[in-house]
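Hello,

Here is the structure I said I would pass on. Notes on what was found in it follow below.

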Amino acid sequence: MAEPLRKLFDLTNRSVYVAGHRGMVGAAICRALADRGIRPLVATRAEVDLERQDATEAFFRRRRPQVVILAAAHVGGIKANNDFPRDFLYKNLMIAANVIEAAQRNGVLKLAFLGSSCIYPKFAKQPITEDELLTGALEPTNEWYAIAKITGIKLVQAYRRQYDADMIALMPSNLYGPGDNYHPEHSHVVAGLIRRFHEAKLSGAPSVTIWGTGTPRREFLYVDDCAEGVLHALEHYTGESHLNLGTGTDVTIADLARLIRTITEYEGELEFDHARPDGTPRKLLDVSRMRDLGWKATTTLEAGLAKAYADFLKGGGRNR
Ligand code: GDP
């Protein structure tokens with residue numbers, strides 16, 4: 001067996017600020033830190049509004065975190081992105097700029113910025129390597145969010161070049177799991193379909209509508225695997241390129257819908273609403289850089305969906 005990689009950075013006994021701890025990703029990162037005996041520094045929106053520069057800088061001066069995991073973001077599915085372009089661009093831009101600048105001004109030792117695989121061009125070469133960034137036009141349904149996240153990547157690169165700051169950027173594929181947003185229209189596909197299938201089962205509806213053609217392919221990463229990946233990258237990576245976080249495999253939306261139908265024990269039919277947008281045809285990440293650093297996702301899609309549904313049944317997540 002290969003030797004475990006030497007850690008470049010030790011998180012133990014550090015003050016680790018998780019920005020966005022109430023979101024699905026931030027909460028999973030807090031669980032992963034707790035597994036390592038680290039109690040993260042967190043703050044509510046009332047304590048610090050990261051969209052405001054003065055509030056963000058005051059918070060950093062007061063609390064002096066040594067490590068920052070930037071999982072705070074304004075997120076949503078394909079419809080939310082289309083409906084609220086200003087929110088997706090402005091809020092994500094401000095959060096990234098304010099936190100990264102405040103981290104630099106206040107002596108943060110290491111920062112990880114989180115984005116998403118939608119930063120890549122709509123027709124990027126598959127599987128998508130990190131080098132595909134900015135090689136083509138973006139998918140119009142989520143370009144507001146994507147532009148803000150690309151700017152975040154460029155910010156951490158710029159601070160690294162200008163100040164030698166140890167900041168890294170991580171781009172997970174489509175995330176799902178406990179703590180998701182189950183809004184009927186503004187959620188991502190996994191949460192949206194869990195809710196729709198569950199409600200159809202309860203009401204005895206003869207069919208469930210799936211948006212689009214069912215042919216787009218997506219790669220789904222279980223959020224606790226993502227959190228482990230983030231901590232692994234903080235410990236084992238430093239460098240200018242962002243890194244992909246994913247499973248390296250994808251499924252069609254139709255296959256995903258059938259899996260969710262099985263897990264929710266719904267017995268009706270699937271209907272595809274072609275009037276709804278498909279978005280990017282495919283966004284499968286090349287995950288070899290993270291694999292070379294000794295990390296891989298361990299939760300199968302079946303197991304992850306079952307855990308996500310169990311969390312939904314327990315009343316977890318938002319917009320229920
Ligand atoms: P995307 O990866 O940015 O496109 O994010 P989404 O999770 O919103 O959508 C993924 C794919 O699932 C798209 O092709 C959607 O059209 C499709 N889809 C099918 N049913 C749903 C649904 O109920 N909600 C969402 N958000 N997407 C759906």
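The crossing of H6 and H8 is right-handed. Please keep in mind that this is a predicted model.

Helix H6 covers residues 189–203 and helix H8 covers residues 253–264; their axes lie 9 Å apart, at an angle of about 45°. An angle counts as roughly parallel under 35 degrees and as roughly perpendicular from 65 to 115, and H6 and H8 are therefore oblique to each other.

Which residues of H6 and H8 meet? From H6 come Val189, Val190, Leu193, Ile194, Phe197, His198 and Lys201, and from H8 come Ile253, Leu256, Ala257, Ile260, Arg261 and Thr264. By type, the residues of this contact are nine nonpolar, two polar and two charged.

Now the sheet. Five strands form an open sheet in the order E1-E2-E3-E4-E9, and their pairing is parallel. The edges are taken by strand E1 (16–19) and strand E9 (243–245); each has a single partner strand, so one side of each has no neighbour in the sheet. From one strand to the next, the twist averages 20°.

Regards

Definitions and conventions:
Residues numbered from 1 in each chain as written. Predicted model: local features only at pLDDT ≥ 70, side-chain atom pairs only at ≥ 80, totals over all residues. Heavy atoms only, no water. Axes fitted to C-alpha atoms, helices over the stretch in contact; angles between N-to-C directions. Helix = DSSP H or I, 4+ residues; strand = E, 2+ residues; numbered from the N terminus. Parallel < 35°, antiparallel > 145°, perpendicular 65-115°, else oblique. Left-handed = near helix turned anticlockwise from the far one by under 90°. Contact = heavy atoms within 4.5 Å. Nonpolar A, V, L, I, M, F, W, Y, C, P; charged D, E, K, R; others polar. Pairing = 2+ DSSP bridges.
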